[in-house]
Amino acid sequence: MRTLSDVFARSRVHLLLGAAIAATIPCTALAQSASIEEIIVTAQKREERLQDVPIAISAVTVEQIEARGIDNVLDLRTLAPNLMVSKYPNSNVVSQIAIRGGVTVNAAMYWEPSTAMYLDGVYLGKAVGSVFEVVDIERIEVLRGPQGTLYGRNTMAGAVNLITRKPSGEFGGTASFEVGDYGHHVEKVTFDMPKMGIARMSFGARSENRDGLVDLTRGSPGTELDSRDRYALRYALGLDFSDNFVADYSFDYTKMDQMPPNSQLYSVTPSNPLFTAASAYASKDWEDTVSTDWPAYEQIKLQGHALTLSWEINDSNTLKSITAYRELRNDDSVDLDGTPLLIATANRISDYDQTSQELQLIGNAARLDYVLGLYYFTDDGYTINPHEFFFGTDSSQYGFGTDATAAYMQLDYHVTDALTLTAGLRYTDEDKDTERYKTVTGAGAPIPRVKADESFSDTTPMASVAYRFSDQLNVYLKYSEGFKSGGFPGEAGNALEAVTPFDPEQQTTWEIGAKMSSADGQFQLNTAAFHNEIEDMQVNQFTGLPGVSVIRNAGKATTQGVELEGIWLPIEELRLQLSYGYLDSEWDEFMEAPATGQPISNVADNRSFPHAPEHTLSLTADARLAQTAWGELRALADYSYSSSFYAYAYQLDTIDTRRATARNTKVDDYGLLNLRLALKDIPVGNNGTAEFSLWTRNVTDEQQPVNFIDFGPGFFSDYLLAYYLEPRTYGASFTYRW
């Protein structure tokens with residue numbers, strides 16, 4: 001097994017670390033009036049300066065969100081070190097979030113994500129529906145590494161916090177309109193009402209429409225694929241019962257009725273006349289016009305209610321209650337073969353709801369800060385997943401449910417003004433149940449309706465030491481554990497497997513980091529190095545048989561690397577920002593039969609590691625070009641890069657002909673450049689300002705696959721589908737604020 005020191009020795013990142021150390025020397029050569037803004041985060045359940053939190057965390061403010069055009073989680077891409085966000089194949093409403101190599105590659109709703117998403121402190125249970133518009137968002141926090149103490153289950157890789165703006169109690173608002181090519185247009189409005197008695201209220205709505213990126217030929221069922229038709233709204237109510245007791249209620253609603261991405265046939269190995277005919281439609285270049293034979297659509301309705309009660313018991317203690325209910329209905333249909341031939345189709349109709357309750361006591365006494373909490377979560381869902389194949393039909397159904405409770409605490413003891421010791425512990429207990437039913441015509445065996453339940457529990461500790469050398473330099477050493485919940489394989493291919501649970505995935509992490517800034521406030525650099533050891537890693541394998549995707553606890557893995565985040569204001573008119581992550585991932589144990597008829601053994605040396613690019617990079621330059629009577633002219637360039645990676649944990653060399661080979665689903669390295677030119681703070685009337693901007697995304701028109709579906713040899717042929725980057729787009733937007 002490679003050690004963390006091996007990683008440093010093998011990589012070139014040590015040069016950047018040397019620069020980071022040099023940056024701790026106060027930089028006073030630049031006498032500027034501008035300085036980097038102070039960001040307040042709530043990653044540890046209390047408000048703290050970003051530079052004081054002993055966690056690898058990236059925060060995006062509302063100004064950056066607007067300037068970089070971030071509308072949902074997909075727009076984060078590689079914004080933070082070792083973060084990669086992509087769409088799930090054949091869906092525009094499901095995200096795949098990978099942090100430090102931790103990822104869930106299957107979007108079926110019986111799977112648990114490796115990275116948890118939170119909306120105003122409320123856990124969002126499934127990846128399905130995670131690509132939704134958050135109206136009136138104020139800040140995004142990306143926490144890297146296990147967050148098993150304060151956040152709990154399914155935060156093994158990290159957590160993404162979406163924080164919305166609370167009503168101000170003063171009249172004001174924003175209205176914007178955006179247009180672009182492909183018939184793109186977005187309308188958005190948010191406004192606050194004047195305070196009425198104890199009540200503060202805000203409203204927001206957003207509508208987005210876009211024609212399809214891919215046209216369908218005459219005779220296909222429909223006219224286009226990969227379109228947008230979305231509507232979202234949010235209502236927030238704040239009730240100030242007293243100076244020390246406040247209630248905050250919010251309601252969010254999202255509706256989508258649009259076309260899914262094109263499942264483009266990338267390659268096929270002809271094995272019979274049907275696949276020979278299909279090979280005529282295969283292409284490795286992005287196609288903007290295709291033919292299909294199956295109706296496609298994706299429809300989703302998502303809504304949530306959340307009530308947060310905050311009681312300041314005294315100057316030292318606050319009691320908080322977060323109660324939430326969310327529900328989701330998803331209905332989609334895709335042509336899964338990328339041709340006008342009947343080879344593979346899929347429908348998915350899912351209903352899901354969740355309820356959660358959390359109590360937090362946040363306080364301090366003398367040199368001790370503490371957070372104590374109790375948590376309850378329950379969910380219930382059912383998916384009907386019928387398919388039609390060239391050899392018959394498949395009626396696949398599965399249900400799932402969870403009841404989870406947890407208790408946690410975290411103590412921060414300030415030994416001196418410079419030295420802080422932190423310890424945390426969380427205990428989680430959960431009960432899961434499943435229901436599975438399946439019938440197949442033409443191939444495979446039916447599964448009678450079977451049910452099962454299982455209990456899982458885990459204790460996740462953390463400990464850290466933080467030392468403040470000066471106001472410009474904080475360092476920390478942290479140990480933490482996290483886990484991804486176990487469950488049942490909802491798409492199992494036989495009755496026995498359907499009721500056989502897979503175990504939770506567990507991770508231990510060592511992390512060392514430093515947060516540095518110059519005395520003049522114009523330079524900031526945060527660094528982290530980590531070493532993860534993962535056990536019982538859950539691996540998804542698509543067999544190619546009707547509706548069958550198996551889950552295995554493959555074994556053990558090690559991921560480790562280095563992360564850098566920097567901001568520099570070389571002159572008052574220019575802001576430069578960098579985010580870089582280096583990741584080294586390898587299997588230590590991967591147990592399966594290496595070939596037909598052979599015993600189960602460790603094949604770790606011949607398995608790829610999914611969604612784990614060695615390098616991720618994000619660069620941003622934000623410049624003020626001119627200050628005029630009409631407003632401030634600004635230009636922004638935003639570049640993100642990911643080195644190559646594998647989409648699935650498949651064999652590197654073809655030893656077992658029953659299984660797929662990783663090179664077929666290898667995503668090449670790629671970079672995306674976005675540009676924006678804006679005239680800001682245009683005076684309008686007595687109290688209003690406006691902004692007009694021109695923008696283009698994917699400026700260099702990169703066109704390559706960024707995800708795949710490999711049906712594998714089990715589908716009677718090597719059948720590979722590809723999902724591409726969106727082409728270059730451009731447009732203009734206008735915003736009015738009052």
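Q: Buried means under 20% relative accessible area, exposed means over 50%, and partly exposed is in between, using a 1.4 Å probe and protein chains only. How does T416 count on that scale?

A: T416 counts as partly exposed because its relative accessibility is 36%. One note before we go on: this is a predicted model, where local features need pLDDT of at least 70 and side-chain atom pairs count only at pLDDT 80 or more, while totals for chains, interfaces and linings use all residues. Residues are numbered from 1 along each chain as its sequence is written, and side-chain values use heavy atoms, with hydrogens and water left out.

Q: Thanks! Where is T416 found?

A: In the loop between β23 and β24, the latter covering 419-440. Helices (H or I, at least four residues) and strands (E, at least two) are DSSP runs, numbered from the N terminus.

Q: Zooming out, how many helices and strands does the chain have?

A: Five helices and 40 strands. The chain is as compact as a globular protein of its length, because its radius of gyration is 26 Å, close to the 27 Å that the globule rule gives for 738 residues. That radius is taken over C-alpha atoms, and the rule is 2.2 Å times the number of residues to the power 0.38.

Q: And what does the C-alpha trace span along its principal axes?

A: About 75 × 55 × 55 Å.

Q: What share of the residues is buried?

A: Buried residues make up 57% of the 738.

Q: Which residues touch the most other members in the largest nonpolar core?

A: L76, L83, I97, I140 and L162, in a core of 64 residues. Strand β23 (residues 392-414) gives the most to this core, with five residues. A nonpolar core here is a set of buried Ala, Val, Leu, Ile, Met, Phe, Trp, Tyr and Cys residues joined through side-chain atoms within 4.5 Å. Another core of 25 residues lies apart from it, with V334, F391, A660 and F711 among its members.

Q: Back to L76: what is it in contact with, leaving aside neighbours within four places in sequence?

A: I70, L83, V85, I140 and V160. Contact means heavy atoms within 4.5 Å.

Q: What about T217, where is that found?

A: T217 sits in the loop between β13 (214-216) and β14 (224-225), and is partly exposed, with a relative accessible area of 25%. Beyond neighbours within four places in sequence, T217 is in contact with T289, V290 and S291. T217 and T292 are 75 residues apart in sequence, yet 8.0 Å apart in space, C-alpha to C-alpha.

Q: I'm checking backbone angles too. What is phi of N90 near?

A: Near 60 degrees, a positive value in a residue other than glycine. N90 is in the loop between β4 (83-87) and β5 (95-99), and is buried, at 10% relative accessible area.

Q: And N154, buried or exposed?

A: N154 counts as buried, at 0% relative accessibility. Its phi is near 65 degrees, also positive in a residue other than glycine, and N154 is found in the loop between β8 (137-144) and β9 (158-164).
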